[in-house]
Amino acid sequence: MVILFYKIMKFLDLAKQQERIRRPLEKRFKDILDHGSYIMGPEVYELEGHLAEYCQVKHAISCSSGTDALLIPLMAWGIGPGDAVFTTPFTYVATAEVISLLGATPIFVDVYDSTFNIDCEKLEITIEKTIKEGKLKPKAIIPVDLFGVPARYRLIDNISKKYNLKVIEDAAQSFGGSISDKKVGSFGDVAATSFYPAKPLGCYGDGGAIFTNDDELASKCKAIRIHGTSTDKYNSEVVGINGRLDSMQAAVLLEKLTIFDDELEMRNEASNYYRRSLNNAQYIPKNYNSSHALLSITLGSNKKREELVRRLTSNNIPSVVYYKYPIHLMKGFTYLGYKAGDLPISEQLSQTIVSLPMHPYLHNNEIDQVIESIKIKSF
């Protein structure tokens, strides 16, 4: 009986999803084996067209990962030593990692305790402080659409214009989301998403994409992803990276796109069902549509979080902590000089948050079992 339950209760059910697309996907794989263009083949360009149309932008540039999707625009803008890029510490490390890789300095801004996204009031305060100190030149903002919920782009846009900063929407977890009728991928000067398998739209390996309406930026990004080349692949015009997407991964994404909106609705239904019984889940503002990459709740303390994790595990219910460590307190970023207490909301979230099973194929009776486990001595 326990084994059967393990088969049913999954944190993410890619096998069930694969059943829906298996036949057309195998046909696409056969076509790739026949034409032999395994990297940047016709499937890649077909995918880019569909992605641009979906996000209502002029350019969608595929690449090898969500990390490269963040890195490439920064490279295109020439961001490097002496430059400051503002972002949140409560996200996956890649967001800050790409800034450091270029020799620029990540400046961390704390988050709202409701949406877990970057706090815009604190963002402006931090920008002004950095300008006043005069050690670094503010260049860009990378807001993160955490767990599927878009950041407050109307306010971020106003701040970026006031201080003449570029904006990269980190949409690694939010592809498919929107604010009113404006799709994720269309905010900021450029957006970046990830197609890691666990994402709402994921491939079967690594992959990512860049979205922009800026023709010049798009041209630079396309060159950078192929070793800085645009016309002659043996003559690099700028320093670039090996950031190309494989045709096989493009094929997976093309087939997943055919069921993507249906899956988003199913995710939304699962989230709504959870929220009927939970009052401690991530807040979704009015007119904001989440892609529901994760369903995350906060507990009153680290002790209560750990007790819940143990209880879920004993009931064969999977859970994951995103994120156990805020980036500013990670060993790899000690050189920045942050200390415990500097960004208290992010630090508190890291101690009290836990993510529950969330995917399109989650049944209400499974959610009921999760809720029942949560309600036993949780608060």
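This is a predicted model: local features need pLDDT of at least 70, side-chain atom pairs count only at pLDDT 80 or more; totals for chains, interfaces and linings use all residues.
Reader: Why does Ser178 count as buried?
Author: The relative accessibility of Ser178 is 9%, so this residue is classed as buried.

Reader: How many aromatic pairs does the structure hold?
Author: There are 14 aromatic pairs. Rings of Phe, Tyr and Trp (its six-membered ring) pair if their centres lie within 6.5 Å; planes under 30 degrees apart count as stacked, over 60 as edge-to-face and the rest as tilted. In Phe90 and Phe116 the ring centres are 6.4 Å apart and the planes stand at 80 degrees, so this pair is edge-to-face.

Reader: What makes the pair a link between distant parts of the chain?
Author: Phe90 belongs to the loop between strand E2 (83-87) and helix H5 (94-101), whereas Phe116 belongs to the loop between strand E3 (105-108) and helix H6 (120-133), 26 residues apart. Helices (H or I, at least four residues) and strands (E, at least two) are DSSP runs, numbered from the N terminus.

Reader: Which residues do ring pairs link into a cluster?
Author: The cluster consists of Tyr54, Phe175, Phe195, Phe211 and Phe260.

Reader: Which residues touch the most other members of the largest nonpolar core?
Author: Among the 30 residues of that core, these are Leu47, Leu51, Phe175, Phe195, Leu201, Phe211 and Phe260. A nonpolar core is a set of buried Ala, Val, Leu, Ile, Met, Phe, Trp, Tyr and Cys residues joined through side-chain atoms within 4.5 Å. Two or more residues each come from helix H2 (14-35), helix H3 (42-55), strand E9 (208-212) and helix H9 (247-275); H9 gives the most, with nine residues. A second, separate core has 25 residues, including Cys63, Leu74, Ile99 and Ala192.

Reader: What does Phe260 touch?
Author: Setting aside residues up to four places away in sequence, Phe260 touches Tyr54, Phe175, Gly176, Pro200 and Leu201. Contact means heavy atoms within 4.5 Å.

Reader: Why is strand E9 described as largely enclosed by the rest of the structure?
Author: Five of the five residues of E9 are buried, so the description applies. Gly208, Ile210 and Thr212 point one way, and Ala209 and Phe211 point the other way.

Reader: Which strands pair with E9 in the antiparallel sense?
Author: Strand E1 (residues 59-63) pairs with E9 over five bridges, and strand E8 (residues 190-194) pairs with E9 over four.

Reader: What makes E7 and E10 edge strands?
Author: In the open sheet of three strands, ordered E7-E6-E10 with antiparallel pairing, strand E7 (182-183) and strand E10 (288-289) each pair on one side only. E6 and E10 are joined by two bridges, with Ile179 opposite Tyr288 in E10.

How values were computed: Residues are numbered from 1 along each chain as its sequence is written. Side-chain values use heavy atoms; hydrogens and water are left out. Buried means under 20% relative accessible area, exposed over 50%, partly exposed in between (1.4 Å probe, protein chains only). Two strands pair if DSSP finds at least two bridges between them.
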